[in-house]
Amino acid sequence: GGHVAALAGVGKELFVAGEFTRAGDTPVHNIARWDGTAWQRLADSECEMRCPHAGKEYECASVNCELNGAVSALASTGSVLFAAGAFTTAGARPALHLAQFFGGRWAPVAGGVRGSVYAISLMAVPPKLTRAQTALADAQLAANGGVDSGVPTAPCLYVAGDLAAVIHADGTEAPASSVVRFCDTSGLESAPVWESLIAPTLPPVYALYMHE
C-alpha cells in the first residue's frame with residue numbers, strides 16, 4: 001500500500017519516495033533505492049549499527065533509520081540525495097522537513113524549514129560576495145594574468161511550498177517566503193545561509209523549473 005510522490009535517477013539507480021512501507025519484498029520507510037536488480041533500503045549506516053543483526057541484514061524494528069514521514073520531493077547532485085516532506089527525523093536524527101543522504105548517512109539541511117515543502121531543485125549560482133571575498137576574487141584574477149578562470153559558483157538547494165520560516169544551523173529562525181534557497185558557500189569562506197527569493201505575502205508555490 002501507499003503512494004509514490006517523487007523519483008530521482010542517479011546513474012543506473014532509481015530513488016523512489018512517497019508514503020509506503022514496502023518496496024517489493026523489502027521493508028522500508030517512505031524511500032527506497034532500485035539498484036537495477038533489487039530494492040534496497042536507504043537507511044543510515046550509523047543508525048543501523050545500533051540495531052540487532054540477523055544474517056546479512058540489520059533488523060531495526062524499534063528505530064526508524066530512514067525517514068519518519070511522507071516524502072514530497074527529491075533532488076540529487078549525483079553524489080548527494082536531498083529529500084523534502086512531512087518528516088521530522090532522518091536516520092533517527094532531527095531533520096525538519098529537509099534532509100540529505102551522502103556516504104550512507106542522513107543529515108539535516110541546516111535546521112530545516114517550518115511549513116509544507118512541495119518541490120525542491122538544485123542549481124549552482126554566483127553567491128553574494130562580501131567586499132573581502134570580491135577583493136580575493138580580483139586578486140586571483142590578477143594572479144592568472146587577467147584571464148578569468150570562471151565566476152565562482154555555489155551549489156544551492158531551492159525549496160518551494162507553503163513555508164512559514166527557515167531555520168539556520170545555529171537554531172535561529174527567520175520568516176520565509178514561498179521560495180527559499182540554501183547555498184553551500186563554505187568553499188568561499190562564508191557560512192551557508194538561507195535566503196528568501198520572493199515576497200512573503202505571495203501564495204504557496206507547488207513546482208520549480210530551473211534554467212541555467
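Modeller: We begin with pairing: two strands count as paired if DSSP finds at least two bridges between them. Please keep in mind throughout that this is a predicted model.

Biologist: What is the order of the strands in the open sheet of 4 strands that contains S9?

Modeller: In general, the strands of a sheet pair through backbone hydrogen bonds, in either the parallel or the antiparallel sense. Here the order is S9-S10-S13-S14, and the pairing is antiparallel. S9 and strand S14 (105-108) are the edge strands, each pairing on one side only. From one strand to the next, the twist averages 25°.

Biologist: How many bridges join strand S9 to strand S10?

Modeller: Strand S9 (residues 71-76) and strand S10 (residues 81-85) are joined antiparallel by 5 bridges. Within this pairing, Ala75 is placed opposite Phe82 of S10, and Ser76 opposite Leu81 of S10. The two strands make a hairpin with 4 residues between them. In its turn, Gly78 has a positive phi of about 110°.

Biologist: Is Val28 buried or exposed?

Modeller: A residue is called buried when its relative accessible area is under 20%. Val28 has a value of 2%, so it is buried. Its place is in the loop between strand S4 (26-27) and S5. Leaving out residues up to four places away in sequence, Val28 touches Phe20, Thr21, Arg22, Ala23, Arg41 and Glu66. Val28 and Arg41 are 13 residues apart in sequence, with their C-alpha atoms 5.7 Å apart in space.

Biologist: Which side chain makes a polar contact with the side chain of Arg41?

Modeller: The side chain of Glu48 does, at 2.7 Å. Glu48 belongs to helix H1 (residues 45-48). With a relative accessible area of 14%, Glu48 is buried.

Biologist: Is Ala164 buried or exposed?

Modeller: The cut-off for an exposed residue is over 50% relative accessible area. Ala164 reaches 51% and therefore counts as exposed. Ala164 is located in strand S16 (residues 154-167). Apart from neighbours within four places in sequence, Ala164 is in contact with Arg114, Gly115, Ala174, Pro175 and Ala176. The C-alpha atoms of Ala164 and Ala176 are separated by 5.3 Å, although these residues are 12 apart along the chain.

Biologist: How many aromatic pairs are found in the whole structure?

Modeller: The search finds 4 aromatic pairs. One of them joins Tyr118 and Tyr206, whose ring centres are 4.7 Å apart and whose planes are at 15°, so this pair is stacked. Tyr118 lies in strand S15 (residues 113-125), and Tyr206 in the segment after strand S19 (193-196), so the pair ties together parts that are 88 residues apart in sequence. Tyr118 is partly exposed at 30% relative accessibility, whereas Tyr206 is exposed, with a relative accessible area of 57%.

Biologist: What do the totals say about the chain as a whole?

Modeller: The chain holds 2 helices and 19 strands. Of its 212 residues, 38% count as buried. Among contacts with a separation of 6 or more, 48% come from residues 24 or more positions apart.

Biologist: What is the mean pLDDT of the chain?

Modeller: The mean is 84, and 78% of the residues reach 70 or more. Residues 144-151 have a pLDDT below 50, and this stretch has 5 contacts in the model beyond near neighbours in sequence.

Conventions: Residues are numbered from 1 along each chain as its sequence is written. This is a predicted model: local features need pLDDT of at least 70, side-chain atom pairs count only at pLDDT 80 or more; totals for chains, interfaces and linings use all residues. Side-chain values use heavy atoms; hydrogens and water are left out. Buried means under 20% relative accessible area, exposed over 50%, partly exposed in between (1.4 Å probe, protein chains only). A polar contact is a pair of N or O atoms within 3.5 Å; within protein, one must be able to donate a hydrogen and the other to accept it, and residues adjacent in sequence count only if both atoms are side-chain atoms. pLDDT is the predictor's confidence in each residue, from 0 to 100. Contact means heavy atoms within 4.5 Å. Rings of Phe, Tyr and Trp (its six-membered ring) pair if their centres lie within 6.5 Å; planes under 30 degrees apart count as stacked, over 60 as edge-to-face and the rest as tilted. Axes are lines fitted to C-alpha atoms, for helices over the stretch in contact, and angles run from 0 to 180 degrees between N-to-C directions.
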